[in-house]
Structure formats: C-alpha cells, structure tokens
Amino acid sequence: MFYFEKTYIIGDSNVGKTCLTYRFCGGAFLKNPEATIGVDFRERTLQLDGESIKLQIWDTAGQERFRKSMVEHYYRSVHAVIFVYDMTSLSSFESLPEWIDECTRHSVGPMVPRILVGNKCDLRDSREVPTSVAQRLADSYNFPLFETSAKDPAEKEHVDAIFLTLAYRLKSHKPLRLKHEMHVNEYVPMPNNCSSICT
Ligand SMILES: Nc1nc2c(ncn2[C@@H]2O[C@H](COP(=O)(O)OP(=O)(O)OP(=O)(O)O)[C@@H](O)[C@H]2O)c(=O)[nH]1
C-alpha cells in the first residue's frame, strides 16, 4: 500500500516553516533561507507498519501579500495541516486563530489532521509564549502541541516526531477520507514555481 499525502505548513512569516520542512526532508538546518514566495514543496517517504506514506509538504509563504493570490487556492486539496508559531514571538502565536479560521473557511474539516508547533525552543532566554498558554490553545482546538527547534541538532528527532504523528493520523483517517473524496473529486494542479527534494 502506498499513500500520497499533501501537508500544508502554515504560519506567520519568519516562524521557521521552511527550516522545519528542510530539517525533516533534508536533515540539515537551512542557515539562510529566503522568504517563501507563494508555495514551495518538499517530500519524504516514511514507512509505517510496513506501508509507505509519502508526505508532500507544501511550505507556504507567511507574508500577507502572497496569501490571497496563491496560498488560498490550494487549501481545497490539502490532507493535513501543521500550524507553526515562533515561541519567541507572541504576535506569531496570536495570529494562529486567524490561520486556523482561514483553513476552516476553506473547508479544511475535522477529517484533516492538524498539529500545532512552537518553533525556536533553542532561544530559551527570548521565549514569549509559555508552554501552558500554547497547550491551552492546542486543547481548545483538540490539536496535539509540539515545541521544537529546526536549528538545534538535538531536536531533530522531535522534528521527525511531528511528521510521524501526522503520518499516523493520516493513516487512521484514510478510509473515512477516501469515502468522502469519492463525492468531492477535485483536481488542483501544482503551482509553477515549485522545487522539490526527494529523500
Ligand atoms: N534560532 C532559531 N532560528 C530559526 C529556527 N528556525 C528558523 N530560524 C530562523 O528564522 C528565520 C526564518 O526562517 P524561515 O524558515 O525562512 O521562516 P518561514 O516561516 O519559512 O518564513 P516565510 O517564508 O517568510 O513564511 C531564518 O533566519 C532562520 O534561520 C530555529 O529553530 N531556531
């Protein structure tokens, strides 16, 4: 059995979406990432209980000016969502309900697994979002919460754990979702400005 799953990674600009994606797909910390324009994507195949699941991660631009033009167009065909905030930036955390509402407005429903991730835990002295506050928000939406760092090599396993958790949730939602997709069979083409890394 082979699954192909499209995962959106969403959040304010500069929270570390590209670095987290790159850490998961490429292994290393991306030192000088450029701001994402529109959507970029990377992939990694995981083995779960003898089955292959290819996570195609759509790394979206956090900058407001790209949201309306490109990012929103691709919500319809998304299978899972990771919401990221920077734990050293209260404003990036306070933006989360808006990102989550935006997903809901675009019909990203309860069958789509969602995860909340606080990034940059290596910057301990600059933390602005306590774990207890983040946990309350995660609980209110019934999302799992992870705190991690794309930069700290010791956190690599945590980064992997985020995507593994998502993959397991995708796997368990799959039968229900396939039933739903038989009714809503939409094809959304890839954007032109995509690049990919396969591992
Ligand atoms: N200290 C620290 N810095 C990080 C971490 N993750 C990312 N950064 C830095 O944060 C900045 C933004 O990282 P990106 O991955 O480009 O952020 P983004 O959310 O993809 O930004 P947009 O593409 O504009 O939406 C870069 O300077 C990274 O080096 C982390 O875990 N710790």
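Strand β5 and strand β6 (residues 145-147) pair in the parallel sense over three bridges, two strands being paired if DSSP finds at least two bridges between them. The structure is a predicted model, in which local features need pLDDT of at least 70, side-chain atom pairs count only at pLDDT 80 or more, and totals for chains, interfaces and linings use all residues. Residues are numbered from 1 along each chain as its sequence is written.

**Overall organisation**

The protein chain holds six helices and six strands. Helices (H or I, at least four residues) and strands (E, at least two) are DSSP runs, numbered from the N terminus. In that order the elements run β-α-β-β-α-β-α-α-β-α-β-α. Of the 199 residues, 38% count as buried; a residue is buried if 20 or more other C-beta atoms lie within 10 Å of its own, exposed if 12 or fewer, and partly exposed in between, with C-beta atoms placed from the backbone. Among contacts between residues at least 6 apart in sequence, 76% join residues at least 24 apart. Two residues are in contact if their C-beta atoms, placed from the backbone, lie within 7 Å.

Strand β4 (residues 80-86) is joined to β5 by six bridges, and the two run parallel. Together with helix α5 (residues 131-141) and β6, strand β5 makes a right-handed β-α-β unit: with the strands pointing away from the viewer, the path from the first strand over the helix to the second runs clockwise.

Val 117 stands opposite Val 84, and its bridge partner in β6 is Phe 146. Leaving aside neighbours within four places in sequence, the contacts of Val 117 include Leu 20, Thr 148 and Ile 162. Val 117 is also one of the residues with the most contacts inside the largest nonpolar core, which has 45 residues. Such a core is a set of buried Ala, Val, Leu, Ile, Met, Phe, Trp, Tyr and Cys residues joined through C-beta atoms within 7 Å.

**Helix α1 and the ligand**

Nine of the ten residues of α1 are buried, so this helix too is largely enclosed by the rest of the structure. Helix α1 (residues 17-26) also gives the largest share of the shell around the ligand, three residues. Of the 20 residues around the ligand, Gly 16, Thr 18, Thr 36, Gly 62 and Lys 151 come nearest; a residue counts as near if its C-beta atom, placed from the backbone, lies within 6 Å of the molecule.

**Positive phi values**

Most residues other than glycine have a negative phi.

| Residue | Phi | Place |

Asn 14 is partly exposed, with 15 other C-beta atoms within 10 Å. Asp 49 counts as exposed, with 8 C-beta neighbours inside 10 Å. The hairpin of β2 and β3, where Asp 49 is found, has two residues between the strands. Ten bridges join these antiparallel strands, and Phe 41 stands opposite Trp 58 in β3.
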